[in-house]
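Here's a quick briefing to read alongside the model. Have the viewer open as you go.

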Amino acid sequence: MNTSSEKVTEKTEKRDDGDRDESQRRQKAMIGDHFDKLARAKEDGKKVVYTFVPGNLTELLGALDLLPVLPEINALQSGMRGRSGKYIAEAEKAGHSEDVCTYVKCDLGMLKSGNIGPTGQKLPPPDVLLLSYTGCFTFLKWFELLKQEYDCPVVMLHVPYQPDGEITDEMRKYVVDQLEREVIPALEKVAGKKLDMNELSRRLELSAKAEEDLVWVWESARNTPSPIDGYFGGVYYTGPIFSSFRGTDDATDYYKLLRGEIEGRIARGEGPTTPDGPMGKEKFRLVVEGPPNWTNFFDFWRMFSREGAVVVASTYTRVGGLYDRGFRHDPKKPLETLADYCLGCYTNLGLPTRVNLLEHYVKTYKADGFLINSVKSCNSFSVGQLLMLRELEKRTGVPGGFIESDLVDPRYFGKANIENRVQSYLQMLEARMSRGGDLGKATSGFAGILESAAAQAEGLVTLGRKS
Amino acid sequence: MSQETFDSILARARTLCDDRKLETVKAWKAKNPGGLAVGHMPVWSPRALIEGCGALPVACFGGGDQVDVIKGDAYFQSYICHIPRSTIELALAGDLDALDGMVFPAICDVIRNLGGMWKMLFENKLSYYLDLPQNFDPKLGGKFFTLELHRLVRELEARGAPKLDRERMRAAIRDENERRATIAELDELRRKEPHRLRASEAYLAVRAGGTMMAKEHTAMLRALLDAAKSRPARKFDNVRVVVVGSFCEQPPVALIVTLERSGCDIIDDDLQLGMRMLEGPIDLDASEDPVECIALAYLNRGAASASRYIGDLVKGRALIEKVKQSGAEGVVFAAASFCDPALLDQPMLEAALQKEGIPFTTLKFAENTGQFQVIREQAGAFSDSVKLWGAA
């Protein structure tokens, strides 16, 4: 069993701080500081809230002086540090099915192994589980499972789904009413203090400032070459705003700093930073749907960056908020804005809206292709992706690629297989781009292959019946 | 004579359950020109509300083991459960054309996203995502759900259903209550005299109602009950079990029969949970608005299931009460492969059973499972061990 003093052994290679941008160093320090606070929470008399990334209520928690722990982040960090396989095995030994979400199993395995966080410090147990049920059914079961492990209350915030991509007044009111009547009183009880609405508004104002800079960062990918990678690099850019820092000066400063760095890259005509340093010539511009694999994150990234492929936009980086479609936290309507934020996360949107968004990204960012990384663990993302692929090819004329992996289960990352697929896809794109052809005339993306396979299979069955 | 009656009712039920091309629905529409037929996915949908709008609710449970899934597999990755792929298969083949719309209740991410796929694939049909409340305070979740149900009414009206008539809605609720009470009688008979009505028989009889108006189904169930009570039947020396986890994708009937032949009297289960979701009648005195009565019934009388947040209740307590009240000696967990709600729930339920010393065994299936030998051996070993030693 691990102890709090155990040293975390990182599987992925470490980079010297000298190789990092200043914004990366800043983010690392912020995260380190947050985990220090968590490690000291009990002695400092701070209360701890476990909650989820999509639809998180960070400003509200901050205004009540509560410290958030995000189990998905812990799971992905465990994946990047080569620990998730062991944790998942631990959970499966305890009776959890091999079929279900590996974030959940990784988290439970981590808990059973001493609850050591990514910085090697022991995480404090929760004083409350804030179940913001937004866009993922598994969240609900996850906290039911954690409730069995901890002697603490669970506060549920049911966020309605947007099947038609529209937030109705009824939906908003339902969320606001829950916040007012159940969530805030329960959190105040844990915090031992009343919510100061002015403090909440102050934090929301800071959020909006950071959001403004983040949107600028996302949109910088319209440049050629793109100064950012909006998927692999993008997950770092979302770190502060999706997690514990939204609504703080730290986050606002971070995004200001990041924006400055990217302005510099644009002025110098540079591409994004990659695990191998600055990227070489930009050859392919891609849009990616679906979360990344974390167990082989850098290997996965290099499969693209070494081929000159840059991701100009991605949907995974929108699970914590669709700021680039206009949403900003509004300090003048604190509860309504929290409701709209929860309702508007990417995975809370119906499939047609998701396709519209992807189409917008492909067109606006002048993508040469789009790729779906379909992860076994996440039905919220994955169900419907094969249809999305066909529809996007039809609407944009841009070919799609399809990869299957998992979030944090190393058993589902077949490196050679995935690399082979990525390379084949990029070669196809290259051939297509050199001909300047469109999808209808040239070959085909993955959807075409699927259609043809289904037609062949149908033919075979028909033949079988006839014979 | 009662055996003949019983057999003929069951044969009809079997035909209805196997009616993948919805011939019954087409016949209903021919008799009711302009009437809407509204499909709904498991687990629970407000059938009374759909009937109250003058429409025929049609339970959709995929293709079972009757359909070769070809096109459907091209829409889903290998790690997704089976029911959406066979449902898409049926729809693309035109077998669901008789349906004017489909309701997708909020039970998991797969069914939720299937609703989105429906919108894209069948643009002219209604695809309605029914956001079941996970907040059970009548002033919060109740209010939201009432509005949600009224939205469904408006959608049906927009497609030709007659304007909401409270009396017609109340009559539909009364019919649904009558059906629910009859199913409760059926369940009672299974508990008391499982040899008179086997689980596999009750299953067919209840599932057959998925394409019927409640009143007609009640009449069928009533006739079956009368026949079952008086037919000659032989008792078996079986172990009494509760089956848990099959609330959405349904196992093949042969799997239920296999469990029975392995020495299990299934005296309770969550197969066809939608028909039993409300533990008691919809209270028509709860509100002047009958639509709100349905919403409140779901809030207050909804059975514990993996798709429903337990709130402050103790996980597994409902299952333990069910085991104790029915005099069951063990539990068989039978979940569909890749069913997130059932499989995530299972370890919690297992822990609760272990605490109480209630034996259980666990198996997985797909709707098109065709090999039962391993299941028969497993269930046989389980029933033997419970019979011999009172533990698995």
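**Confidence first**

Chain A has a mean pLDDT of 91, with 89% of its residues at 70 or more; pLDDT is the predictor's confidence in each residue, from 0 to 100. This is a predicted model, where local features need pLDDT of at least 70, side-chain atom pairs count only at pLDDT 80 or more, and totals for chains, interfaces and linings use all residues. Residues are numbered from 1 along each chain as its sequence is written, while chains are lettered from A and ligands numbered from 1 in the order in which they are written.

- Residues 1–18 of chain A stay under 50 in pLDDT, and the model gives them 23 contacts beyond four places in sequence (a contact means two C-beta atoms, placed from the backbone, within 7 Å).
- Residues 439–443 of chain A also stay under 50, with 12 such contacts.

- Four strands make an open sheet with parallel pairing, in the order E2-E1-E3-E4; strands (E, at least two residues) and helices (H or I, at least four) are DSSP runs numbered from the N terminus, and two strands pair if DSSP finds at least two bridges between them.
- E2 and E4 of chain A are the edge strands, each pairing on one side only.
- Neighbouring strands are turned by 25° against each other on average, direction ignored; axes are lines fitted to C-alpha atoms (for helices, over the stretch in contact), and angles run from 0 to 180 degrees between N-to-C directions.
- E3(A), residues 128–133, pairs with E4(A) in the parallel sense over five bridges, and A:Leu129 stands opposite A:Val154 in E4(A).
- H7(A) packs on the sheet, touching E1, E3 and E4 of chain A, and its direction makes about 165° with that of E3(A).

**Helix H4(A)**

- H4(A), residues 71–80, is mostly covered, with 10 of its 10 residues buried (buried: 20 or more other C-beta atoms within 10 Å of the residue's own, these atoms being placed from the backbone).
- Those buried residues pack against E1, E2, H5, H6 and H12 of chain A.
- After H4(A) comes A:Gly82, with a positive phi near 70°.

**Where A meets B**

- 46 residues of chain A are in contact with 45 of chain B.
- H7(A) gives the most to chain A's side, with seven residues.
- That side divides into 23 nonpolar, 13 polar and 10 charged residues; Ala, Val, Leu, Ile, Met, Phe, Trp, Tyr, Cys and Pro count as nonpolar, Asp, Glu, Lys and Arg as charged, and the others, Gly among them, as polar.

Note on methods
A residue is buried if 20 or more other C-beta atoms lie within 10 Å of its own, exposed if 12 or fewer, and partly exposed in between; C-beta atoms are placed from the backbone.
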